[in-house]
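Good morning, everyone. Please take a look at the structure on the screen before I start.

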Amino acid sequence: LKQSAQRPDWPIAGMVAIVTVAFMWYSYAYLPTRDYRPYAVGENILEQMKSAEELGLPAPEYVYDYTMVNQDTGEEMVITSKEYMDEKWWERKEWAIDKERTGSARKVKDGYEPPITDFSFQDEYGDEASYRFLESEKPVLLVLTYDVESSDDAIEEVSALAEELLSKNVEVFGLSASAMEQIEDFRHEYQLAFPYFQGDEKVIKTVVRSNPGLVLLDGATILEKWSAASVPEVDEVMERIQAQ
């Protein structure tokens, strides 16, 4: 009994380590088994971009600290931007704001804040283009390639999938943080028959970290997501669309 109690637990520890590493590898190679981000399957991107005002909810309140300087006496005092407005300080001609000492915004009251605040993508001319896929009446497949130069070889499978989906009335768009010149070279190299829009790398990685990664949308609602390691067949995509 004494020997049994003193037996090392390394076999158990080894198994735990193996399972942990396998789980981490799976989440990295594919996608996390649980997605707590605002871009999880089932979430609607447009709904999560709505402001408190649009939803009829109380919004958080922020103020700035203004350093006011009396132009006659040199006296200084710090007030908030709310006090500045409420007390009509702009009417006091002897006082001026020292803009170099204006503090950063600080929250003074909690309220509803949209989970998504930075989802914005531009076309080759620099014009906002997100509406083209978020407000599309057709199903949309997004191909997210945050860095085209380090894209996985699965892009060849993605290219073939995109061609089939386009023939089935599904729109396809690419999103990347790379420079437009690099994006165009990349499109020509892989013969990608769909346009790319440019946006922030952090946003793209938040949606899906795989490079490339695929996101299926219907009316701005995320139906499904795939990593480069699990590029679906066209039938799988169409079945997911029809299951709506």
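I will talk about a sheet, its crossovers and some aromatic pairs.

Two quick notes on method. This is a predicted model, where local features need pLDDT of at least 70, side-chain atom pairs count only at pLDDT 80 or more, and totals for chains, interfaces and linings use all residues. Residues are numbered from 1 along each chain as its sequence is written, and side-chain values use heavy atoms, with hydrogens and water left out.

Now the sheet. Helices (H or I, at least four residues) and strands (E, at least two) are DSSP runs, numbered from the N terminus. Two strands pair if DSSP finds at least two bridges between them. In general, strands of a sheet pair through backbone hydrogen bonds, either parallel or antiparallel.

In what order do the 6 strands of the open sheet run? The order is E6-E9-E8-E7-E10-E11, and the pairing is mixed. E6 (121–122) and E11 (221–226) are the edge strands, each pairing on one side only.

Look at E8, residues 171–176. E8 pairs with E7 (residues 140–144) in the parallel sense, over 5 bridges. There, Leu141 has Val172 as its bridge partner. E8 also runs parallel to E9 (residues 196–199), joined by 3 bridges. Here, Leu175 has Phe197 as its partner.

E7 also pairs with E10 (residues 213–218), this time antiparallel, over 5 bridges. Val140 stands opposite Leu217 in E10.

Next, the crossovers. E7, helix H6 (residues 155–166) and E8 make a right-handed β-α-β unit. E8, helix H7 (residues 180–189) and E9 make a right-handed unit too. Right-handed means that, with the strands pointing away from the viewer, the path from the first strand over the helix to the second runs clockwise.

Last, the rings. Rings of Phe, Tyr and Trp (its six-membered ring) pair if their centres lie within 6.5 Å; planes under 30 degrees apart are stacked, over 60 edge-to-face, the rest tilted. That gives 13 aromatic pairs. Trp89 and Trp95 have centres 5.5 Å apart and planes at 80 degrees, so they are edge-to-face. Trp89 and Trp95 are buried. Phe186 and Tyr196 are edge-to-face as well, at 6.1 Å and 85 degrees. Phe186 sits in H7 and Tyr196 in E9, so this pair ties together parts 10 residues apart in sequence.

That is my tour. Thank you.

Notes
Buried < 20%, exposed > 50% of the residue type's maximum accessible area, 1.4 Å probe, protein only.
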